[in-house]
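The report that follows goes with the sequence and model shown below. It is meant to be read beside them, residue by residue where that helps.

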Amino acid sequence: MASAAQTGAAISGKQQSPHRNRMDRFIDTIEWVAAFFVGIVAANIFLAVMLRNIFSVSIPDSYDFGRLMLGILIFWGIAATSYRGGHITVDLLWANVGPRYQRMIDVFATMVLLFVVTVQTYTLFDKVVGTYNDHVLTFDLRLPTWPFFAVAWAGDVSAVLLIAIRTYRLVFQPDKLTDEQVKPVE
């Protein structure tokens, strides 16, 4: 008798490995963390609007929390999309060259992305330290904002790690990547 996971994989047409390595579980965890922050931001907005419109009550610092959580969401979203490579949609040149040049373009683009996000991570860490040293607080509850910046920075660090994993796999293990390939123009 087939398990539910095997049946689901057969229905979806994807064959999943029964033994996923630590790197794949790490990638999945980062994607789940990003999804969690999407839920938190949506719940904050929903609750703030409902309480304001139905009960004429506002959540203290809901605007500050929403703004800070949106920043966290953006950086964890960068981490979630960086590994998959599906966020790059302008691929006119890539689609019209052979597989060898496609791989070269992928490696070059991923290395540029790794450099840019690494610099971004460094500057965001400076922002974390700056908000900590300046004792920046929220408006209503007077809570420190640096922990929010630190969580956003952790998302950026995760993006750097995932891009480094993607670069490694592009160069040494291209068969482990799950990108959907564009079929060459005939």
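Helix α5 is followed by histidine 135, whose phi is positive, near 55°. This histidine 135 sits in the loop between α5 and α6, and with a relative accessibility of 60% it counts as exposed. The model in which these values were computed is a predicted one, and its confidence is taken up further on.

A positive phi also occurs elsewhere in the chain. Just after α2, serine 56 takes a positive phi of about 55°, and in the loop between α2 and α3 aspartate 61 has a phi near 60°, a positive value in a residue other than glycine. Is aspartate 61 buried or exposed? At 3% relative accessibility aspartate 61 counts as buried, because the cut-off for buried is under 20%, whereas histidine 135 counts as exposed at 60%.

**The overall fold**

The protein chain contains 6 helices and 0 strands, so that reading along the sequence gives the pattern α-α-α-α-α-α. Of its 186 residues, 28% are buried.

**Helix α5**

Helix α5 covers residues 99-133, and its end C-alpha atoms are 50 Å apart, in agreement with the 51 Å that its 35 residues should span at 1.5 Å a residue. Its buried residues are Gln102, Asp106, Val107, Thr110, Val117, Thr121, Leu124, Val128 and Thr131, and they pack against α3, α4 (92-95) and α6.

One of these buried residues, threonine 110, lies in helix α5 and has a relative accessibility of 6%. Which residues does threonine 110 contact, leaving aside its neighbours within four places in sequence? The contacts of threonine 110 are with Ile163, Arg166, Thr167 and Leu170. Valine 129, also found in helix α5, counts as partly exposed at 31% relative accessibility. The C-alpha atoms of valine 129 and phenylalanine 149 are separated by 9.0 Å, although the two residues are 20 residues apart along the chain.

Helix α2, made up of the 34 residues 22-55, reaches 48 Å from its first C-alpha to its last, which is close to the 50 Å expected at 1.5 Å a residue. Asp24, Ile27, Ile30, Ala34, Phe37, Val41, Asn44 and Ala48 are buried in α2, and the buried residues of this helix pack against α3 (62-84) and α6 (146-172).

A nonpolar patch on the surface is formed by Phe46, Leu47, Met50, Ile54, Phe55 and Val57, which together have about 590 Å² of accessible area. Methionine 50, a member of this patch, lies in helix α2 and is partly exposed, with a relative accessible area of 32%.

**The salt bridge**

Side chains of opposite charge can pair when their charged atoms come close. The structure holds 1 salt bridge, formed by arginine 67 and aspartate 64, with the closest N and O atoms 3.3 Å apart. Both residues, arginine 67 and aspartate 64, lie in helix α3, where they are 3 residues apart, about one turn of the helix. Arginine 67 is partly exposed, at 42% relative accessible area, while aspartate 64 is buried, at 10%.

The relative accessible areas of several residues discussed above are set out here.

| Residue | Relative accessible area | Class |
|---|---|---|
| Aspartate 61 | 3% | buried |
| Threonine 110 | 6% | buried |
| Aspartate 64 | 10% | buried |
| Valine 129 | 31% | partly exposed |
| Methionine 50 | 32% | partly exposed |
| Arginine 67 | 42% | partly exposed |
| Histidine 135 | 60% | exposed |

**Confidence in the model**

The protein chain averages a pLDDT of 82, and 81% of the residues score at least 70. Over residues 1-14, however, the pLDDT is below 50, and beyond near neighbours in sequence this stretch has 4 contacts in the model. For residues 180-186 the pLDDT likewise stays under 50, and the model has 8 contacts for them beyond four places in sequence. Where pLDDT is low, the predicted coordinates should not be read in detail.

Notes:
Residues numbered from 1 in each chain as written. Predicted model: local features only at pLDDT ≥ 70, side-chain atom pairs only at ≥ 80, totals over all residues. Heavy atoms only, no water. Helix = DSSP H or I, 4+ residues; strand = E, 2+ residues; numbered from the N terminus. Expected span 1.5 Å × (residues − 1). Buried < 20%, exposed > 50% of the residue type's maximum accessible area, 1.4 Å probe, protein only. Contact = heavy atoms within 4.5 Å. pLDDT = per-residue confidence, 0-100. Patch = residues over 30% accessible without salt bridge, like charges linked within 9 Å, V, L, I, M, F, W, Y side chains within 5 Å. Areas by Shrake-Rupley, 256 points an atom, 1.4 Å probe, with all protein chains shown as cover. Salt bridge = Lys/Arg side-chain N within 4 Å of Asp/Glu carboxyl O.
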